[in-house]
Amino acid sequence: MKLNALIQNRAALAGSTITALFIIIIIVGPMISPWGSGAFDFTAVLKPPSWSHPFGTDSLGRDVLTRVMEGARISLMISASGVLAAMCLGITAGLFAGYLGGWLDAIVMRMVDLLFAFPAFVLALFLMVALGFGVTNVALAIMLVYLPIFARITRNTTEVVRGDAYVQAAQVMGQSTPRILFREILPNISAPILVQASIAVAFGIVIESGLSFIGLGVQPPTPSLGVIMADGQEYFRRAPWVLTMTGLTVTIALLALNLLGDGLRDLADPRLKRRDA
Amino acid sequence: MLVGTLVVFFVMKAAPGDPALVVLGDFATPETIAKFNADRGLDAPWLMQYLDWLGGILRFDFGTSLSVSADQDISALLAFRLPKTLFIGLYAMTIAITLSLILGTLAAVNRGNAIDTGATSLAVLGVSMPDFWFGYMLILGLSIGLGLFPSYGFIPPSQSILGALHSGFLPALAIAAPMAAVFTRTLRTALIENLDREHVMVSKSLGHSGRFTFFHHVFRNSIIPYIVVVGLQIRYLLGGVVIIERIFGVNGVGSLMVEAAFARDYFVVQACAVVFLAIVLGVNYLVDLICAMLDPRRAR
């Protein structure tokens, strides 16, 4: 993917710019914020948004913006680690299944179909009950939700390219199967996987905040985005800004990741882009 | 489906925590635990327990609840709650399909101009909003702000259809918004691909009206990928139902599953997971049937 093309694609450009800005803000923001994410201030409880507290304060007088930046970092880390784990396992399973075929393929794909049949959120909820709540288990649940998706994409694309000339060339040269899979095939099928990854990180954040929102995910006092929103929901009628502003932040972050994913897809599939233009 | 039930069962069995302790609490003695396990058949080997449970499912008998509503038949709980979930789900699906047919068609026909940009942006926004947050925004605007809809509680359709349509509107809309966005994008892409194809040009050159060409040659060819995506989104819909039911106080299967998760009522969580699995597989089958009907080439 050429950098030039990336800049010319408006969606990808906007998506990657906002995503980058976002990441900088959530890393630098808590450091330069005059408020601590856990600092109580009982003289400023449930204050509406103002210059000193752009997102207002919560029921304990904590600055919501600082908490959102903290929370976004935690949510992003949970989602990204879950997706990364899903990619490692899913891509490996998909490569072997697609390349070798046969019974291995049959077994892997049956398991994928099975995981795929559960609604993502129901699967995640189910796992939370089985594994217990907490940060690691939310990441684990996200991994299991995305594992089948990565396995399926990788397997299907591997199957398409496994007869290609460069693969045959590598076979004739006597390269080992893992080497062919990871050095020859994987770089050639990485585009659709990367597209999926950016979208998966976005929806991983939704899964995390959803689980934490109903109280079955990350547990307070760890401030993930879902925890902050669950908190805001309790006094939503008196102080709607806590939930509103936090959710708005999530929406903007997801919008950026989705635009990035769309843009990458257009770049990977020039056919679609030219027609739309 | 069979393998699915096997996984549900054994994951639940492997879960930390003992059902007996959930019910008997901290004052349980080894004797009372043993008696509880014997009463429930929990002292049998796992395989026997599984077969017993599976046999129960086939007779719509999921056993009895542990802690959500103690000792009640889970089947009775489900029978009471499932219609509400199905109603909200169908309601949301109807809204999503209606919205997306309008927006997707408008976007495709006006490709490249302001209407297309507007509809496409709306769709990206729709995909990006967490549904529960959107639900709260609806409450803030339409319920607290304008007072048009109730913010909490649901009148079951068995009591009053109009009441159900009214009180179910916000939850259904909250679930529908992200789905409508996905459907719109799918329909737009499919329509645009077909608009460029040769048979459409032939139809136009034969002097057929724009509307005839659109419905007979473009729309008919675009509807199959659309239906496939609608079918796939059923998984999303059921996931949304779980949170949204909880927020709007709809006592359906989704909120039952959350309550059971809090109460560590393993049997009820198991039963809900199986119900959701069955719905997904049922819908997938239905989609296959519809696609085969619409496109005889697929019927092979």
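**Close-up views of a predicted two-chain model**

**View 1. A kink in helix 5 of chain B.** In this predicted model, helix 5 of chain B bends by about 35° at Arg81(B), shortly before the proline Pro83(B). The helix runs over residues 74-109, 36 residues in total. From its first C-alpha to its last, helix 5 of chain B reaches 50 Å, close to the 52 Å expected at 1.5 Å a residue.

**View 2. A kink in helix 6 of chain A.** Helix 6 of chain A, residues 135-161, has a kink of about 35° at Tyr146(A).

**View 3. The contact between chains A and B.** Here 34 residues of chain A are in contact with 38 residues of chain B. On the chain A side, at least two residues each are supplied by helix 4 (102-117), helix 5 (120-131), helix 9 (190-213), helix 10 (225-234) and helix 11 (241-268). Helix 11 of chain A gives the largest share, 9 residues. By class, the side of chain A that touches chain B holds 24 nonpolar, 8 polar and 2 charged residues.

View 4. Thr92(A) lies in helix 3 of chain A, which covers residues 64-100. With 17 other C-beta atoms within 10 Å, Thr92(A) is partly exposed. Leu186(A) is 94 residues away from Thr92(A) in sequence, yet their C-alpha atoms are 9.6 Å apart in space.

Definitions and conventions. Residues numbered from 1 in each chain as written. Chains lettered and ligands numbered in written order. Predicted model: local features only at pLDDT ≥ 70, side-chain atom pairs only at ≥ 80, totals over all residues. Contact = placed C-beta atoms within 7 Å. Helix = DSSP H or I, 4+ residues; strand = E, 2+ residues; numbered from the N terminus. Nonpolar A, V, L, I, M, F, W, Y, C, P; charged D, E, K, R; others polar. Expected span 1.5 Å × (residues − 1). Bend = angle between axes of the 7 residues up to and from the residue. Buried ≥ 20, exposed ≤ 12 C-beta atoms within 10 Å, placed from the backbone.
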